Protein chains: 2
Amino acid sequence: MPGRRRMMSPGWGGKFRGCGYRMTVPRQAIMDVLSGTDKHLSAEDIYMKVHKMSPDVGLTTVYRTLELLTQMGLVVKFDFGDGRARYELTEGPKSEHHHHLICASCKRIIEYTDFIDEEMEFLKRAEKGLSKKYNFDIKNHIIQFYGLCDKCKNKK
Amino acid sequence: MPGRRRMMSPGWGGKFRGCGYRMTVPRQAIMDVLSGTDKHLSAEDIYMKVHKMSPDVGLTTVYRTLELLTQMGLVVKFDFGDGRARYELTEGPKSEHHHHLICASCKRIIEYTDFIDEEMEFLKRAEKGLSKKYNFDIKNHIIQFYGLCDKCKNKK
DNA sequence: CTTCTTATTGAAAATGGTTTCCATTATCAA
DNA sequence: TTGATAATGGAAACCATTTTCAATAAGAAG
């Protein structure tokens, strides 16, 4: 096959290199895990999943890579109040746009995808306006509702 | 002045007692600090301010009280990604409804109060719908935009 | 006002997610 | 292939937050 020079993963390598970073085995593995799930995973979750395919990747690297991805805007970091952060790929093919309801008492988390249309409309305008006014390059957003879930509000 | 029996602070005591908790000196001091600022404070910030008036209140109690207040829905707990949580009274007279822009690179935080009207409209509908659908008693919400601030987006 | 139950507190120690250090390794431009 | 240096992993350090526990104080009852 002449003329075909390593047309590998059209994937993430370019994204990394485009930002001045290198593509490495650990980073590829982490991207694979992130794009292979539709759940919000903790660093440890990701570490364990990565470990199955690439046992040499360390937890430290997972943390470093997640921080990098967050800065690049490819990943969103969530805090649900249980002491460990969760991470989600922004543009996952599987990941439907969603947000979270968090029970302030038992910390239960409900993912919802409702009202996204109305939300989109509001967000579009807000993002446009805010990025202009504050000269901010907005890449992601988080919306979280706090309250009491059905179980917690009916007890005590 | 007969007939007047200690008509003290019409304040927070009732709120606490109404939830089955006691009103104490530390709790009163913490409420005073929270209602006396319009900034988002860390636990340590609050501890130090409380300490000026009530030197006996310990940091542990500050944490405990903040957790309590968060569960009661009187306080919102924020995570701006710098490793320490911030707390804000929900219904402060001073506190204008606002949200935050967070620079994913330098962690700078911009508070904005724009687009609140449109937001309110969206939130009103979302909260009503979500609380019904998921049988959730929604007390607060958080909206955060992540991206790069003007300084960070123009450098490497 | 005194008593009693028990929620609350403070200090110190423990916890545990996340970061830092640093010597070694691997990426990729030349 | 080579070389500059970005990236890595393991151990140790960090440090905000939580837990433990004996002492204290709130508030209902008498």
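The loop between β4 (99–103) and β5 (109–112) of chain A contains A:K107; helices (H or I, at least four residues) and strands (E, at least two) are DSSP runs, numbered from the N terminus. In this predicted model, local features need pLDDT of at least 70, side-chain atom pairs count only at pLDDT 80 or more, and totals for chains, interfaces and linings use all residues. Residues are numbered from 1 along each chain as its sequence is written, chains are lettered from A and ligands numbered from 1 in the order in which they are written, and side-chain values use heavy atoms, with hydrogens and water left out.

Although A:K107 is not a glycine, its phi is positive, at about 70°. With a relative accessibility of 27%, A:K107 counts as partly exposed; buried means under 20% relative accessible area, exposed over 50%, and partly exposed in between (1.4 Å probe, protein chains only). In chain B, B:F115 is likewise a non-glycine residue with a positive phi, of about 65°. B:F115 sits in the loop between β5 (109–112) and α5 (116–134) of chain B, and a relative accessible area of 23% makes B:F115 partly exposed.

Opposite B:D79 stands B:A85 in β3(B). Five residues lie between the two strands of this hairpin, and B:G81 in the turn has a positive phi of about 85°.

Attention now turns to the DNA. Around DNA strand C there are 21 residues, of which the closest are A:R22, A:Y63, B:D56, B:T61 and B:R64; a residue is near a molecule or strand if one of its heavy atoms lies within 4 Å of it. Sugar and phosphate make up 70% of the atoms of DNA strand C that come within 4 Å of the protein. Two or more residues of the surface near DNA strand C come from each of α4 (59–72) of chain A and α2 (25–35) and α4 (59–72) of chain B.

DNA strand D has 20 residues around it, and A:D56, A:V57, A:T61, A:R64 and B:Y63 come nearest. An N or O atom in the side chain of B:Y63 lies 2.4 Å from a phosphate oxygen of DNA strand D, while a polar side-chain atom of A:T24 is 2.9 Å from a phosphate oxygen of DNA strand D. A base is also approached: an N or O atom in the side chain of B:R22 is 3.1 Å from a base nitrogen of DNA strand D.

Finally, how are the two protein chains related? A rotation of 180° with 0.0 Å of shift along its axis superposes chain A on chain B, with an RMSD of 0.0 Å (least squares on the C-alpha atoms of residues with pLDDT of at least 70 in both copies). The two copies are thus related as by a two-fold rotation axis. In chain A, the C-alpha of A:I143 is nearest the axis, 2.3 Å from it.

Note on methods
Polar contact = N/O pair within 3.5 Å; in protein donor to acceptor, adjacent residues only side chain to side chain. Pairing = 2+ DSSP bridges.
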